[in-house]
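Student: I am new to this structure. Could you walk me through it with some questions and answers?

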Amino acid sequence: MAAAARYCIIGAGPSGLCTAKHALAFDRNATVQVFEQSNQIGGLWAYTEQTGKDANGLDITCMYANLRTNLVKQGMGYPDYPIDEQAPTFVTIRDVIRQLEGYVDKFQLKKYIHFQHQVVRVARNFETNQWDVLVKDVAHNRYDVHQFDFVLVCNGHYSSPVIPSFPGQDVFRGRQLHSKDYRRSEHYRNERVLVVGGGHSGVDIAPDVAGCADKVVLSHRCKVPVHTGDRVVQKPEVLHLTEAGAKFVDGTEQDFDTVIYCTGYRYSVPFLSVDCGVSLHDNAISPLYYHCISINQPTLAFIGLPFNACLMLMMDLQARFCLKFFSGQQPLPSKQAMLDAWRKDQAERTERGLTGKLTHMLAGDLQQRYYDDLARIAGIESLKPVLAKMHADCINSKNEDVNFRSFEYRIIDDENFAKVKIPAKALSSSVA
C-alpha cells in the first residue's frame, strides 16, 4: 500500500486556505501542512495597526483601515462559501477577514496551519524524489527540515513592495513610505501629501487621505487623468525630490510633508532553490502549465499568480485544477504537451503585448477562456461567465467614475447581471 501523500502549502491567505481545503477533499488520506509566517490567517487582509516589521522581524503588509474592495463581492467568496448575500457589493476589509475566518471554521482548517513558521528553503531531493522544506519556527528561532511529495506556493502577490528610485530621495526631509504601510487618513491630518502611482492603490488611497490632509497630489504616468474626485490634484511624473517636496516633469515644483509610493509589488519566491525548475524574471514566473504547475518539476505549483481575475474564485479553481492531478485522480499531460501549451500561451501574450509584468494578466477574453480551459482539462466545474462579465464591467466603471462603488451588482443567471444605482442615503448608511 502506497504511503499517504504529503502536501506543503506555503501561506494561509485566501489562496492557501482554499488549497488546504481541496488537498484534504481530493486526497482524504493526505497529510497537509500549511506554513504561515505571521500569527493569523488572511495574508494582506489581516489588518493590523502595526507597520514595518513584526515582533519576529518579518515585514508587515496589509490593506488600509477604510478599504472597500474594488472588486464585486461575488468574486471575493469561494464557490462553497460565498460572501453573505446581504453584504453590499463592495465589501470592507472587515467583511473579507470575517469571510475567511468563517471558511476556516466551516472546513476545520486551523489545525493544519502552523503559525509563525516561515518557509526558508524548498529544494528537490533527487534521492527520495521528494521536496526538502526548511522551516523556521520564528517564535522560538528553531529550524526543521520536512519532506513533502507536493509543494503549493500560496504566498500571494504582495510580499515584496516596489519603490521607484528618484534623485533626491536621500535629501527629502519629510516622510516616505510604501502603500503597504498606509493605514489611516487621520495620520496625515493637515499635511501636504504626494501620492505616487496611478494604479488601483494610488487611485484609492489619494481620495482616502484627502479626507484629512491639507493637500493631496497624485503623480502618475497615465496619458489621461484618472478618476479620483475633486479633492485630489493630478500631476505628471516626478522628476526629482527636493528637501521640501518634489519637482515634476512639467517643470512645476511643490512642497510636501509626506510621499506615499503606491507603486505596486513584485512576485517574490526567495525560498525556492534553483532545482525547482522555474525562474522569476521581469516579474514573471516560468515555465508554468496554465500559470500553475511547474513543467520541469510537476509536483510544485503556484496558486494565485494571475491577476485581473475573480480573485478567490480563480484561486479556488486553480487549487482544484492542481489537486485533480496531484491526488492521482487524473494524469498530467506529458512534459512536451505542457511545454507546447505554455509556448502557445506565451506567443499569444507576446502578440497582445502581455509580457514582463503583464505575463500573468487575464486581460479581456483571456479571463473566461482561462477558467474554461482549466475546467475542461481537469474535468472540473468552471466559473459562470456572468462572473467575468461583472468583473470586467466593474474595472471599466472604476476607470471612468470615482463613484463606481455607488452601484450594486446582482446576478440574474449564468450569463447576465443587473447593475443598480444605490441612493446616496442608503450608500452612506451601508458604509458607516
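Tutor: Gladly; we will go through a cavity, some strands and sheets, and the cysteines of this predicted model.

Student: How many cavities of 30 Å³ or more are there, by the rule used here?

Tutor: A cavity is a space where a 1.4 Å probe fits but cannot get out. With the cut-off at 30 Å³ or more, the count comes to 1 cavity.

Student: How much space lies in the largest cavity?

Tutor: Its lining includes Val-153, Asn-155, His-157, Tyr-267, Ile-285 and Phe-302. The space inside the largest cavity is about 60 Å³.

Student: How many residues of the lining are nonpolar, how many polar and how many charged?

Tutor: Among the lining residues are Val-269 and Leu-305, along with Gly-156, Ser-268 and Gly-304. Val and Leu count as nonpolar, whereas Gly is among the polar ones. Sorted that way, the lining of the largest cavity divides into 7 nonpolar, 5 polar and no charged.

Student: Val-153 lines that cavity. Which residues of strand S7 are buried on each side?

Tutor: Strand S7 spans residues 150-153, and both of its faces are covered. Buried here means under 20% relative accessible area. One side has Phe-150 and Leu-152, and the other has Val-151 and Val-153.

Student: Which residue is the bridge partner of Ile-10 in S7?

Tutor: Strand S1, residues 6-10, runs parallel to S7 and is joined to it by 4 bridges. In S7, Ile-10 has as its bridge partner Val-153.

Student: And in S22, what is the bridge partner of Leu-152?

Tutor: S7 is also joined to strand S22, residues 300-302, by 3 bridges, and these two run parallel. Within S22, Leu-152 is partnered by Ala-301.

Student: In the open sheet of 3 strands, which strands stand at the edges?

Tutor: This sheet has the order S13-S14-S15, with antiparallel pairing. Each edge strand has a single partner strand, so one side of each is left without a neighbour in the sheet; the two are S13 (238-241) and S15 (253-255).

Student: What is the bridge partner of His-240 in S14?

Tutor: S13 and strand S14 (residues 245-248) run antiparallel and are joined by 3 bridges. In S14, the partner of His-240 is Lys-247.

Student: There is also an open sheet of 5 strands. What does its twist average from one strand to the next?

Tutor: The strands come in the order S9-S16-S10-S11-S12, with parallel pairing. Its edge strands, S9 (175-178) and S12 (233-235), each pair on one side only. From one strand to the next, the twist averages 20°.

Student: Which residue of S16 is the bridge partner of His-178?

Tutor: S9 pairs with strand S16 (residues 258-261) in the parallel sense, over 4 bridges. In S16, His-178 is partnered by Tyr-261.

Student: How many disulfides does a search of the whole structure find?

Tutor: A disulfide is a covalent bond between the sulfur atoms of two cysteines. To count here, the two sulfur atoms must lie within 2.5 Å. The search of the whole structure gives 0 disulfides.

Student: How far from Cys-292 is the nearest cysteine sulfur?

Tutor: Cys-292 is buried, with a relative accessible area of 0%. Cys-292 is in no disulfide, and the nearest cysteine sulfur belongs to Cys-322, at 4.2 Å.

Student: Is Cys-310 buried or exposed, and what is its relative accessible area?

Tutor: Cys-310 is in no disulfide either, and its nearest cysteine sulfur, that of Cys-394, is 9.9 Å away. Cys-310 is buried, with a relative accessible area of 3%.

Technical notes:
Residues are numbered from 1 along each chain as its sequence is written. This is a predicted model: local features need pLDDT of at least 70, side-chain atom pairs count only at pLDDT 80 or more; totals for chains, interfaces and linings use all residues. Side-chain values use heavy atoms; hydrogens and water are left out. On a 1 Å grid over the protein atoms alone, a cavity is a set of points where a 1.4 Å probe fits but cannot get out, and a pocket is an open set with protein on both sides within 12 Å along at least five of seven lines; lining residues have an atom within 4 Å of a point. Grid points are joined across faces, edges and corners, and a volume is the space filled by probe spheres set on the points. Buried means under 20% relative accessible area, exposed over 50%, partly exposed in between (1.4 Å probe, protein chains only). Two strands pair if DSSP finds at least two bridges between them. Axes are lines fitted to C-alpha atoms, for helices over the stretch in contact, and angles run from 0 to 180 degrees between N-to-C directions.
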